[in-house]
Amino acid sequence: MVKPAPKSTPPATPQVACPGCRRRIAYSSDNPWRPFCSQRCRSADLGAWASERYRVASPLAPEDDGDAAQGQTDSPLH
Ligand SMILES: [Zn+2]
């Protein structure tokens with residue numbers, strides 16, 4: 001006996017929240033920007049990442065108000 005394959009159930013597409021705008025999108029191969037909803041959100045997130053890295057990586061802080069002196073013991077190792 002051959003079990004007939006169910007034809008009425010389409011493959012479920014997982015839904016994810018876009019990290020940029022929190023919109024629910026389908027995480028499918030149709031979306032080249034996944035897990036983002038669009039190129040705009042993707043580049044916006046990458047831009048934020050880059051500026052954040054740039055800021056953190058910058059060794060020259062012109063002035064500290066004292067706040068930055070605390071909590072600098074975090075290990076950079078991941
Ligand atoms: Zn988005």
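Q: Which residues does proline 19 contact, leaving aside its neighbours within four places in sequence?
A: Contact is judged by C-beta atoms lying within 7 Å of each other. In this predicted model, proline 19 is in contact with Pro35, Phe36 and Asp45. Proline 19 itself lies in the loop between β1 (15-17) and β2.

Q: Is proline 19 buried or exposed, or in between?
A: A residue is buried with 20 or more other C-beta atoms within 10 Å and exposed with 12 or fewer. Proline 19 has 14 such neighbours, so this residue counts as partly exposed.

Q: Where is proline 35 found, and what does it contact beyond four places in sequence?
A: Proline 35 is in the loop between β2 (24-26) and α1 (39-57). Its contacts are Val16, Cys18, Pro19 and Tyr27. From valine 16, 19 residues away along the chain, proline 35 is separated by 6.8 Å, C-alpha to C-alpha. Proline 35 is partly exposed because 16 other C-beta atoms lie within 10 Å.

Q: What kind of peptide bond joins arginine 34 and proline 35?
A: The angle to read is omega, which is about 5° here; the bond is cis.

Q: What is phi of arginine 22, and is this residue buried or exposed?
A: Phi of arginine 22 is near 65°, a positive value in a residue other than glycine. Arginine 22 belongs to the loop between β1 and β2. Arginine 22 counts as exposed because it has 9 C-beta neighbours inside 10 Å.

Key. Residues are numbered from 1 along each chain as its sequence is written. This is a predicted model: local features need pLDDT of at least 70, side-chain atom pairs count only at pLDDT 80 or more; totals for chains, interfaces and linings use all residues. Helices (H or I, at least four residues) and strands (E, at least two) are DSSP runs, numbered from the N terminus. Two residues are in contact if their C-beta atoms, placed from the backbone, lie within 7 Å.
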